[in-house]
Amino acid sequence: MSSIGAVVDRDFGASSIRASGLHTFLKDQISASPRSAAMVGDATIHSPPKAVRDWSYSASSMTGPGWVLLGDAACFVDPLFSTGVHLAVTAAHIGAAYVVSALSDPDLADEASASFERMYRTQYEHFHELARLFYAGNRSVDSYFWEARRITREQRPPREAFVRAVSGQAAAGYERSVLSRAELPGNFEKALQSARPKNSTADVADVRPRLAAGLALVNTAVLGDGRFERGHVIRGDNRVDLPVSPLIGHLVRHVERHRGTATVSQMARDIAVQNGVPPERVQPPLLEATRLLLRDGVLLAGDH
Ligand SMILES: Cc1cc2nc3c(=O)[nH]c(=O)nc-3n(C[C@H](O)[C@H](O)[C@H](O)COP(=O)(O)OP(=O)(O)OC[C@H]3O[C@@H](n4cnc5c(N)ncnc54)[C@H](O)[C@@H]3O)c2cc1C
């Protein structure tokens, strides 16, 4: 059994369904696509077709005792960006890791469930936000098919321009238009600014870093190689968990404790002594990590 549908323009769909009925409308749509018609062959329709609008939804809970929701069963974002298959495949990957972890290490099951759901919802919410942004950026335009033609600056029929825009194939693609014209999600804008290479060459050994407001080091279930494992992440509202190695975890704990009063090289020395390893082994990775975390806005230097 397969589920088959057609995504169509709202006005066209409404008037055609009024004129010919849902069943005939769906059959006509399938016939209009020779490839789909060949795949369907002479299959029969088992349950009556349904018309749906306002597509986005997410389940209030994605896991429970003995079950896990994946793909469309868990959530779905407006088909604008073709995220359905991406979300389903991603969910299958992290969902399988959750199931493996829950079965092999029941003590970790609750935390693995929370981490799975957090990762999955974060992805869903990013795409949801992107769709919201698209519509918000096109408030004054009657049809996003026409808007897509303007965005891609191509003299193609509006429908074709729309497909090229949302599939990211246009040379002057949709993303650039969002960057230059529409409001950016706060985190994205911050990430862009921090990606500028201003800190990349600075020597960070003497920096006295602080953790950015709202961030904390959290001990939780972290996605490893095909399963969740106990580990650490840097967590904050509205940002993706940032998994960190045990060594970087030590650094962040020191940063949390010293709150801008100790330099990175002092903390590296302390970490080396506490773990009984030579300082020259921990200093280089800690300096490199500090550079990255400063660039990502996770750590702040000086009085920022
Ligand atoms: C018209 C339309 C166009 C779309 N276009 C795109 C697109 O261009 N790009 C994109 O990424 N996504 C698109 N999507 C969304 C995408 O198809 C789904 O998000 C994706 O297929 C979800 O995968 P899934 O595995 O969760 O569910 P499905 O692909 O629906 O798989 C669920 C399967 O379970 C079977 N099943 C159901 N009940 C039972 C049962 N009791 N026992 C056994 N089997 C059962 C069903 O027959 C089905 O084969 C579109 C969706 C629709 C409806």
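In this predicted model, helix α10 (residues 246-258) and helix α12 (residues 279-295) have axes that come within 10 Å and cross at roughly 70°. Because angles of 65 to 115 degrees count as roughly perpendicular, α10 is roughly perpendicular to α12. The crossing of these two helices is right-handed. On the α10 side, L247, I248 and L251 take part, and they meet V282, P285, L286 and A289 of α12. The contact of α10 with α12 comprises seven nonpolar residues, with no polar and no charged ones.

Helix α10 also packs against helix α11 (residues 264-275), at an angle of about 120° and with the axes 10 Å apart. The two helices are therefore oblique to each other, and α10 passes α11 in a right-handed crossing. H250, L251, H254 and H258 of α10 make this contact with M267, D270 and I271 of α11. Its residues divide into three nonpolar, three polar and one charged.

The two pairs are set out below.

| Helix pair | Angle | Axes |
|---|---|---|
| α10 and α12 | roughly 70° | within 10 Å |
| α10 and α11 | about 120° | 10 Å apart |

The ligand is surrounded by 17 residues, and the closest are G5, G71, S82, G84 and V85. Helix α4 (residues 84-104) supplies the largest share of this shell, four residues. By class, the shell holds eight nonpolar, eight polar and one charged residues. Domain 1 (1-53) and domain 2 (57-186) both contribute residues to the shell, so the ligand lies between them.

Notes: Residues numbered from 1 in each chain as written. Predicted model: local features only at pLDDT ≥ 70, side-chain atom pairs only at ≥ 80, totals over all residues. Axes fitted to C-alpha atoms, helices over the stretch in contact; angles between N-to-C directions. Parallel < 35°, antiparallel > 145°, perpendicular 65-115°, else oblique. Left-handed = near helix turned anticlockwise from the far one by under 90°. Contact = placed C-beta atoms within 7 Å. Nonpolar A, V, L, I, M, F, W, Y, C, P; charged D, E, K, R; others polar. Near = placed C-beta within 6 Å. Domains from an automatic or database assignment.
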